[in-house]
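Please consider the following note alongside the coordinates.

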Amino acid sequence: MTFTENSLSERYEFGANWAAFIDRHYSPERRRTSADKLLSFLGKESLEGIDFLDIGSGSGLHSLAAFDAKAKRIHSFDFDPLSVRTTAKLRQLAGDPPNWIVERGDVLDVDYLQRLGTWSLVYSWGVLHHTGAMWQAIENAAHKVAPGGLFFIALYSSNVVKPSAEFWLDVKRRYNAAGPSKRRWMEYWYIWRFGLGRNPRYLPQLLRQIYQKKKGRGMSYMTDVRDWLGGWPMEFADDQAVVDFLKERFDFELVRMSTGEACTEFLFQSPNNPPSSRN
């Protein structure tokens, strides 16, 4: 999909959504849950000795999780200035550690990325598909993985989306063009149609889903609903296409993949001897 300059100017206010999430929902429990989830998917007990590059830090909660997991060095950047401020707020909450840098940056800015060097763990959860150039963003991010390092990304999957990718892209365009009252109506519509399946008897299941959302990654159900409805620009990725792309371009090996949700989570490992340096 090609995004025009005009469509990119209609970008959803991701930073405002994440700032509201931290203001309303941050808690020590969510902080612990986020760190536990990060370490669980990585299959590690801590991040000691590992440096952590957070591409598109959003709320900053996952950078904070890396800090709590004892990452050696953390660098968080986001395109949205309000997300940068929100991440900086959590860094301040952690005591302004000198090994954690927060700044504004763009994963599509090759000159900026070049200055960052490579990292033993590059992390980008639910971000790269919102850049307007998803495959380029994936490639740029992959270049930041050090030899033998890990690449943990999550992308909206075209394999599970229903009714269709085209349906949701139309919804997102209409949500971003709407005023506050129309947006609220669309949020209620989403909960009724997709959260409850148009059946109030499914309320207990929805409440369990809301609870699991909090326990899974420390997130908020309504924050994610607004992010889903509003997230623009937006692209979907076929799971196997992602695996094939990173294997062919970088010789990354898939370590773990979690499917079935809107976002598929991927954990890759870079070869110790990258393709570019081989004879």
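Which residues are buried in H3?

1. In helix H3, the buried residues are Arg30, Thr33, Ser34, Ala35, Leu38, Leu39, Phe41 and Leu42. Buried means under 20% relative accessible area, with a 1.4 Å probe and protein chains only. An α-helix has 3.6 residues a turn, so residues three or four places apart point the same way.

2. The model is predicted: local features need pLDDT of at least 70, side-chain atom pairs count only at pLDDT 80 or more, and totals for chains, interfaces and linings use all residues. Residues are numbered from 1 along each chain as its sequence is written, and side-chain values use heavy atoms, with hydrogens and water left out.

3. H3 covers residues 28-42, and its 15 residues reach 22 Å from first to last C-alpha, close to the expected 21 Å (1.5 Å times one less than the number of residues). Gly43, with a positive phi near 70°, follows H3.

4. The chain contains 12 helices and 7 strands, which are DSSP runs numbered from the N terminus (helices H or I, at least four residues; strands E, at least two).

5. For 279 residues, a compact globule would have a radius of gyration near 19 Å, and the 18 Å of the chain agrees; this radius is taken over C-alpha atoms, and the globule rule is 2.2 Å times the number of residues to the power 0.38. The C-alpha trace spans about 60 × 40 × 35 Å along its principal axes.

6. Of the 279 residues, 53% count as buried. Among contacts (heavy atoms within 4.5 Å) with a separation of 6 or more, 73% join residues 24 or more positions apart.

Key
Buried < 20%, exposed > 50% of the residue type's maximum accessible area, 1.4 Å probe, protein only.
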